[in-house]
Amino acid sequence: MWLEPGPDGRTTVRPRALAIRPGGPPGRAALCQKGWTSVELLDSPERLRTPLVRRAGELLPASWDAAMDLIVRRIREIQRQAGPDAVAVFGGGGLTNEKAYALGKFARVALGSANIDYNGRFCMSSAAAAANRAFGLDRGMPFPLADVAEADAILLVGSNPAETMPPFTQHLVAGGALVVVDPRRTPTAEQAALHLQPTPGTDLALACGLLHIAIALGHLDEKYIARRTTGFDEVRRVVANYWPERVERITGVPLPDQRRAVQILAGAERAMVLTARGAEQHSKGTDTVSAFVNLALALGLPGTPGSGYASLTGQGNGQGGREHGQKADQLPGYRRIDDPAARRHIAEVWDVPEASLPGPGRSAYELLDSLGTPAGPRGLLVFGSNPAVSAPNARHIGERLRSLELLVVSDLVRSETAELADVVLPTTQWAEEDGTMTNLEGRVLRRRRMRPPPPGVRTDLEVIADLAARLGHAARFPAEPEAVFEELRRASRGGIADYSGVSYRRIEEEDGVYWPSPQPAEGTAPGGAGSAAGGTPRMFLDAFAHPDGRARFVPVEYRPAAEEPDEEYPLYLSTGRIMQHYQSGAQTRRVPTLLAGAPRPFVELHPDLAAGLGIEEGQPVRVVSRRGTARAEARLSTAIRRDTVFMPFHWSGPGRANTLVGSALDPQSRMPEFKVSAVRLEPVTCDK
């Protein structure tokens, strides 16, 4: 099996006689290291090939019927005793659109439970909340990826795509001047014309200060502000308090660098502001993103051809995963679950009484935190996620998972969460199933099945359909991806994320379709009124999605992180990803090629900090926070601030970084504060 880049911009995956051609122009036939090694996991000896059921404390092989009967019996027992909300569902941002849709429907119809959320709450929720209130709609990148390469200047905040998304970097560096905001001098920052290195948790103050300078230097697009926005006067009043000297004291970014960043951005004919997890994973992440959106609006960027604001999604289906109903407060089409009109529409599509649909449930961390408590769920079904490693305050979340009366995990390997489960169900991988994904630019793409799954392995859609049938809803849950997608189209019709004009055929013929793509009027071809060929690649060119067509400036004030360093815990800890691994590492740590490149967890610290603590390169180090302790080897680097340490979050066990992270949440998005925790370092000597 091998990967073959082609001249048409596609990549072909070839196993002897079969071939698929996923992707398309955005990757320009490029894959990152994780992409071109992903085939190694297809035939891994660590793959699950039969259900596992816990007996006498041990996970043992079982038949599908025995496993499914046990799950359904336990669900009924729990719900009979404690009500429908006593069984919850936890999904993932890597699931296909069809799976995300079916999972949301399963929770609300087959289980009747309000308690469903997903790990995307940990990734993109702050940017989504900020985009919704500014633009009236959240499509992470409201323009094609190719536009990035044509920009004359880009402000990139809190992202390191050179390691985490290398194919995207070719677009990023092909453009003009790049300004990177990051506490670490990452490989991406190394390629920038200007690197701003703020104190962790101070991006909001920096954004307000940049807007202050833009106003002072006369760089506003006054006509754009008057014609296309509302609320600027209040934002002007707020940022008047963020003069450059004050911002330098808060952030550590020198005044000349602040001014130069504004001049680069404002002096470009085509400019973009891009944010990612570094700006978003804070207890004030929504406000931080809003502050950068305010800057973009003041310069007249969003909705202007060749310019704009965008958030870079972090998971394989990070965009589609947040549109189709696996969020606690959401119905398909990016509808709100507390909207009466949305409830009526979805109830009609699902052929259920409107009153039977539950209301909003708990957000991801709040859901996990409530597991096994008197008022929380007693049972949990997990699809496409590994919260035992990826959740903040992970030691505590592990305790909550262990307290459940029923934990079911659908996965392809025995992840750390699966090891805690009562039932583990073996599921297919990307090459073994059909479906659709929506990429970071809002383009719906096909995932085509390349080969059949191993005997004994099922798709998540088959698992959901079987469970639903055993719970008395056989006719409501198809297991074929295209049938699920056809229902998704009907459910999304008229919603913010309208897929009603998208079909498998259109995706094939048009090399993907950008949403929104409403259903054409009867008798009109797909390229006709309301559903142009390719959908809507560029949004907001004429109007934003608010009723008056105007974007909203949002006044926001800087506030410190929920947990600042002090005498006992004097350092900032920031967590993130590295090139070789992804998310919780459950899959990538099982790929020999990737594991060879990054076999162990590490803590990155500045040589001056290391010298003061008596720490040498490669030495074991304890990283201690108020939540617990992690252990990793020291990696010395001048790329990081002297008051900050960095840990990747891809490992479990003693090196689990999320053991250290707190549970503070953003009040709007409910995003945990992964990027700032107060810690101390303790060198580990050989005799300890």
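## Stop 1: the largest pocket

The largest pocket holds about 530 Å³ of space. Select Asn132, Lys327, Asp329, Tyr334 and Arg336: among the 24 lining residues, these are the closest to the centre of the largest pocket. A pocket is an open set of points on a 1 Å grid over the protein atoms alone, with protein on both sides within 12 Å along at least five of seven lines; a cavity is a set of points where a 1.4 Å probe fits but cannot get out; lining residues have an atom within 4 Å of a point. Grid points are joined across faces, edges and corners, and a volume is the space filled by probe spheres set on the points.

This is a predicted model: local features need pLDDT of at least 70, side-chain atom pairs count only at pLDDT 80 or more, and totals for chains, interfaces and linings use all residues. Residues are numbered from 1 along each chain as its sequence is written, and side-chain values use heavy atoms, with hydrogens and water left out.

Now colour the pocket lining by residue class. It divides into 6 nonpolar, 9 polar and 9 charged residues. Ala, Val, Leu, Ile, Met, Phe, Trp, Tyr, Cys and Pro count as nonpolar; Asp, Glu, Lys and Arg count as charged; the others, Gly among them, count as polar.

Which elements each supply at least two residues of this lining? They are helix H4 (125–135), strand S14 (335–336) and helix H16 (340–350). Helices (H or I, at least four residues) and strands (E, at least two) are DSSP runs, numbered from the N terminus. H4 gives the most to the pocket lining, with 4 residues.

## Stop 2: helix H4

Stay on H4. The helix is mostly covered, with 8 of its 11 residues buried. Buried means under 20% relative accessible area, exposed over 50%, and partly exposed in between (1.4 Å probe, protein chains only). Select Ser125, Ser126, Ala127, Ala128, Ala130, Ala131, Ala134 and Phe135 to show the buried residues of H4. Their cover includes helix H14 (277–280), helix H15 (285–298), strand S12 (308–311) and strand S21 (551–552). Step past the end of H4 to Gly136, which has a positive phi near 85°.

## Stop 3

The whole structure has 6 cavities of 30 Å³ or more. Go to the second largest cavity, with about 90 Å³ of space. Of its 16 lining residues, Pro142, Phe143, Gly303, Ser307 and Met539 are the closest to the centre. The lining of the second largest cavity divides into 9 nonpolar, 5 polar and 2 charged residues.

## Stop 4: Ala271

Select Ala271, in strand S11 (residues 271–275). Ala271 is buried, with a relative accessible area of 0%. Leaving aside residues up to four places away in sequence, Ala271 touches Ala153, Leu265, Leu301, Gly306, Ser307 and Gly308. Contact here means heavy atoms within 4.5 Å.

## Stop 5

Select strand S18 (residues 435–438). Gly435 and Met437 on one side, and Thr436 and Thr438 on the other, are all buried. S18 pairs with strand S19 (residues 443–447) in the antiparallel sense, over 4 bridges. Two strands pair if DSSP finds at least two bridges between them. Met437 stands opposite Leu445. The S18–S19 hairpin has 4 residues between its strands, and Gly442 in the turn has a positive phi of about 80°.

Move on to strand S24 (residues 620–624) and S25, which pair antiparallel over 5 bridges. S24 and S25 also form a hairpin with 4 residues between them. Val624 stands opposite Thr629. Strand S23 (residues 602–605) runs parallel to strand S25 (residues 629–636), joined by 4 bridges. Phe602 has Glu633 as its bridge partner in S25.

## Stop 6: backbone details in loops

Zoom in on the bond from Trp515 to Pro516: this peptide bond is cis, with omega near 0°. Pro516 lies in the loop between strand S20 (513–514) and S21.

Next, Asn393 has a positive phi near 50° and is not a glycine. Asn393 sits in the loop between helix H18 (387–390) and helix H19 (394–402). Its relative accessibility is 13%, so Asn393 counts as buried.

Asp511, also not a glycine, has a positive phi of about 60°. Find Asp511 in the loop between helix H22 (504–510) and S20. Asp511 counts as partly exposed, at 22% relative accessibility.
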